[in-house]
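We'll go through it piece by piece.

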Amino acid sequence: MKYCFLLAFSFLFSFSAMAESYQIVSMFEKDALVTHRLLSFKVKDSGGKALDVESVNVNIGCDAMIDVHYKDIFHIMCTEETKVQGSIYLSNGELVSLQTFTVRQLGKVFSFPTDQPTGPSTEPSLALGRNLFTNNCLSCHRTQAISKPQTEASVAAALGRDPMKSGGLDTKFAGDKQKLSSLVLYINEEF
């Protein structure tokens, strides 16, 4: 089912360039098109290869940035309900237009995805770790490196120090082994 949503979004965000056909692949689920949420995308060529992005420009009310760790991923975040329009400059020098899509006001149409694990599993999950990191950590750690490898003890200790403690992250992860383990798994394997 999740694959179907991603496939639908990849069609929603398809676009064209002069020499070659490109596709924007969304890295979020269908209910994520809301304000104050980091929306992540990849640009792929007709062969399915992810391409590096040089820069992204979007309309007023939204910000765009290239991921500091993965040059083939870019993020868009909007602070107000708007129709997002923009252009993407690829590292190969091509300019592509971002097909217009609408970002809805948080809570108006869609509910905000939660950090709560889904289903009965208590095992660590990369998907849960990625979601937790994106929603709680990426705003600061976009520019601040995290040394590896990390352990549950080292991450728990870091969450207990400012500025993370003052942001309430120490209590958010306290006593939830699955969340902490998933966060550590994501940091060590994908971040």
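**A pocket, a sheet and some cysteines**

Let's start with the second largest pocket, whose lining is made up of F133, C137, H141, I146, Q150, V155, A158, L159, M164, L183 and I187. Keep in mind that you're looking at a predicted model.

One of the lining residues is C137, so let's pick it up and talk about cysteines. C137 has a relative accessibility of 8%, so it counts as buried, the cut-off being under 20%. C140, on the other hand, is partly exposed, with a relative accessible area of 40%. Why don't C137 and C140 form a bond with each other? The sulfur of C140 has its closest cysteine sulfur in C137, but the two are 8.6 Å apart, which is too far for a bond. A disulfide needs the sulfur atoms to be within 2.5 Å.

So where is there a disulfide? The count for this model is one, and C62 and C78 form it, with their sulfur atoms 2.0 Å apart. C62 sits in strand β6 (residues 62-66) and C78 in strand β7 (residues 73-78), so the bond ties together parts that lie 16 residues apart in sequence. The torsion about the S-S bond is about 100 degrees, and therefore this disulfide is right-handed. Are these two cysteines buried or exposed? Both C62 and C78 are buried.

Now for a sheet. Strands of a sheet pair through backbone hydrogen bonds, either parallel or antiparallel. Here you can find an open sheet of three strands, in the order β5-β8-β9, and the pairing is antiparallel. At the edges are β5 (53-58) and β9 (95-103), each of which pairs on one side only. Going from one strand to the next, the twist averages 25 degrees.

Zoom in on β8 (residues 82-90) and β9: seven bridges join them in the antiparallel sense.

Note on methods. Residues numbered from 1 in each chain as written. Predicted model: local features only at pLDDT ≥ 70, side-chain atom pairs only at ≥ 80, totals over all residues. Heavy atoms only, no water. Pairing = 2+ DSSP bridges. Helix = DSSP H or I, 4+ residues; strand = E, 2+ residues; numbered from the N terminus. Axes fitted to C-alpha atoms, helices over the stretch in contact; angles between N-to-C directions. Buried < 20%, exposed > 50% of the residue type's maximum accessible area, 1.4 Å probe, protein only. 1 Å grid on protein atoms, 1.4 Å probe; cavity = no way out; pocket = protein on both sides within 12 Å on 5 of 7 lines; lining within 4 Å.
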